Amino acid sequence: MAGKPPLKEAIESTSLLIVAGKGGVGKSTISAAAAIAAAGLGRRTALVGLAHSRPATELLQALGEEAPIMAAISPKLRIFELRPEEILIEYLEDHGMASLGRRLISTGVVSVVSTAIPGIRELLVLAKLKQMERSGEFDSIILDAPASGHLLTFLSSPKGLADIANVGLLRSQADDVQALLTDPSRSKLVLVTLAEETPVSETSQTYAQVEDQGAIALGPVVVNALQAPIRLSPQARKALASLAERDDRADAYRFVAAKAHLQEENLAELRRRLPGCRMARVPFIFSTGLGVEELAGLAEHLLSEVSDDH
Amino acid sequence: MTIDVAAAGPDRPIERLGDLLGSRKVVVLAGPGGVGKTSSAAAIAVGAALSGIRTCVVTIDPAKRLADALGIEHIGNDPVEIDAVGAGKLWAVMLDADATFDDLVVRYAKTEDQAGRILSNRVYQNLTRNLSGVQEYMAMEKLFELHNDRRFELLVVDTPPSANALDFLDAPRRLVSFLDNRVFRLIMSPGPAILRPVSFAARAVLKTISRVVGAEVVDEAVAFFQDFEGMEDGFRERAQSVQALLHEDATAFVLVSAPRGDTVTEALSFGEKLSGFGFAVAGVISNRHTPAFATGSRSAELETELEPLDRDELEANLARMELLRNSEESELIRLVADLEPPRVARVPLLDRDIASIEDLAQMARSLL
C-alpha cells in the first residue's frame, strides 16, 4: 500500500506525538522538523522539550530566527521546555496547596520526593502534556522525549504509580494520563532511527517492548540520514573489488558502494524485524550545521514523502 | 597553543593518543551519544593489549556484534578474559549498574535483614534508575574496584550514553545529599525502627504529601530512609575514594566526538563541564570521519568495467562525500580550537560494522 506520507498521517490523526530514539539519531532534529511540518499544515503546534533532553540549543535558535521561510509558520508554533519540579509547584498551586508548594521548595524536599517516588517526574511531565492537550490551545503537540533507554520507564510511569498509589490526587492524574496514552487518536509514539547496526537493533527492541506492554500506540518509524542508494550489478561490484588494490578511484568507488550496501542491509534488517510498520525515510543532509532552511526542508520532506511499505 | 589540525594530515594526530597508554592506569571515555564511545573503548583496549599491556575494558550495553567480537556473552560484573589478542592480555566486563548498587547496599548494611528490606523497597528500586547519574556513577564505582585488581595494568572505561552524560562526576555528591536530606532526618528520631515516633512537624508535612501521592507511597519512602540510616557514611567515604581516583594523575579523560555540528556543540559543553570539575581533557577522538581518497583520473580498466550509469552514480556520491569531508574538517577545527587538547585522533568511518577483534585492531591503529 503506497499511502499517505506516514508522518503527515500521524500528525493529522493524533494530537500528541512522542518522538523518541537512541542518542545521536537526530531525534531533536526530527522533532523540530515535525513541529514545523505541523505548523505548516496550519495546525497550532507546541514543540516540547524536557530539561534533560531538550531540543538542541541550535535548533531552538534556528526556530527563533526571523527567516522569511518561517513567516507563515512562526505564528502557529510555540516552544516549551518542561521541568518536573516546576510542574509540581504549579500543580500544587492550582489545587490550593500553594503554601505546601513553597514549603517543599524551601526545604529542598521537592527534588527528594520527585526522585524517591517511582515515576513521579515522568508522570508530572505527562500530566502537563495531557493538560496542554485538553486545553484546546493546540492541534499538535510534539514531544522530544527522553533517550530510548529511559523511554519505557517514562511511558510506564502512570501505570506503575497507579499500581502503588490507591488514592490521592496523583492517582487520578495517573489514570487521566493512562487514558491519553492508550487512545491512538490522542497519542502516538514516533521512533527515530538510523540505518546502522546499533540503532536498528535498539529501535526494534524498543518497538517490540512498547507493543508488548501496550504502553502507547505506535506511529511510523522515521529512518533518518539516508544516503542515496547505489545499486551496482554483482559484476561491477566484483570489478571494483579487484581494481581497488591498484586504482585509487576504484578504491573510492568501492568504499562508497560498500557503505551504500551496508545501509541497504540495515534497512532490510529493520523491515524484517518490524513487519507491517510504516516507515518514513529522511535523506541525509549534506551539511554539518542545521539552520532553519534545512529544518524547513526536512519538514517539507516529511509531508511529501510517500511510504514505500508493502 | 594553536593546533593546526589541517596540517596534521588525515590520519596523523598531533601527539599520538597511544602515548597515553604507557603512562596512565585509567582512561575514561566520555562524550555525546551515538559517536562510537563503546567501540573506541574496545579498540583502545585491544590496541593496548596488543602492545603488551594487561588491559581490562569496562563497557556498558555494547552492540551485539561488538560484544560478540569481544567474546562476551552476558552482562555481569566479573571481567572475562578474551582470547586471541596476540601476545597481550585483555579482559572485558559488561557492567550491570543495578547489581553494582545492590552490592554496595549489601556491603554497607549492618545486617542481612536490613539489606534485604532495602533491596525489595520500591523507592530504592526507583532510585537506582531515576536518580540522575546513578548508572554512570556505578560505572565509576566498578572502576574503583577493578583498579585494585592486580591483574590489570590499564582500565579503559566507557561511560553510558545519557542526556547528562557527565552526571557521574556529580552523582556521588548528589547521592549522598539525597540520603542525607534533612526533612527525612526529621522524620527519623532515635529509637527502634518500628516504634520510632515521627515528629509532629514532620507528620504534618507527610500528611499533606500523602494527600497528593497516597499514603502507601509515603510509607514506603519513610521505610526506605529509615532502613538506609547509618549507611550514608559508608557511601560518602566510598564516593570520596572514587573521586580521588578520578583526580589522580594516572587517570586520563578522553572526549569522544564526531564531526557533526550538533555533536561538536555537545562535546564542547562536555569539555567545559569536565574542566569545571577540575579534569583536563587528555585527548580527543573525532570518530566517523568520511575518508579522503586520492582520486586520480580513472584508469582505462575502470572505464571498461563500469556501466556509465553506475559510474555517474558513484561519481555523484564521491562528490557529495568530498563536500561532507570539508564541512567535517571545519567541525573538527572548531572542536580542537576550543578545547586545545594535547592529543587528537581522527578516526575514519569504516565501510562495515565492527565484527571482530581484527576490526577493533584496525580501528586501534588509526586511534593510537
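Reply: A nonpolar core is a set of buried Ala, Val, Leu, Ile, Met, Phe, Trp, Tyr and Cys residues joined through C-beta atoms within 7 Å. A residue is buried if 20 or more other C-beta atoms lie within 10 Å of its own, exposed if 12 or fewer, and partly exposed in between, with C-beta atoms placed from the backbone. This is a predicted model, in which local features need pLDDT of at least 70 and side-chain atom pairs count only at pLDDT 80 or more, while totals for chains, interfaces and linings use all residues. Residues are numbered from 1 along each chain as its sequence is written, and chains are lettered from A and ligands numbered from 1 in the order in which they are written.

Me: Which residues touch the most other members of the largest nonpolar core?

Reply: They are B:Val27, B:Ile44, B:Ala45, B:Val46, B:Val157, B:Val254 and B:Leu367, in a core of 91 residues. Helix H2 (residues 37-50) of chain B gives the most to this core, with nine residues; helices (H or I, at least four residues) and strands (E, at least two) are DSSP runs, numbered from the N terminus. A second, separate core has 77 residues, including A:Ile11 and A:Leu92.

Me: How is the order of strands in a sheet to be read, and what is the order in chain B?

Reply: Two strands pair if DSSP finds at least two bridges between them. In chain B, eight strands form an open sheet in the order E3-E4-E2-E5-E1-E6-E7-E8, with mixed pairing. Strand E3 (80-82) and strand E8 (344-348) of chain B each have a single partner strand, so one side of each lacks a neighbour in the sheet. Within it, E6 (residues 251-257) and E7 (residues 281-289) of chain B run parallel, joined by five bridges, and B:Val254 stands opposite B:Gly283 in E7(B).

Me: What is the pairing in the sheet of chain A?

Reply: The pairing is parallel, in an open sheet of seven strands ordered E3-E2-E4-E1-E5-E6-E7. Its edge strands are E3 (77-82) and E7 (279-283) of chain A. Four bridges join the parallel strands E1 (residues 16-20) and E4 (residues 140-144) of chain A, where A:Leu17 stands opposite A:Ile142.

Me: Which residues of H13(A) are buried?

Reply: The buried residues are A:Val292, A:Leu295, A:Ala296, A:Leu298, A:Ala299, A:Leu302 and A:Leu303. Seen down the axis of H13(A), they fall within an arc of 160°, so they line one face of the helix; the arc is that of the directions from the helix axis to the C-beta atoms.
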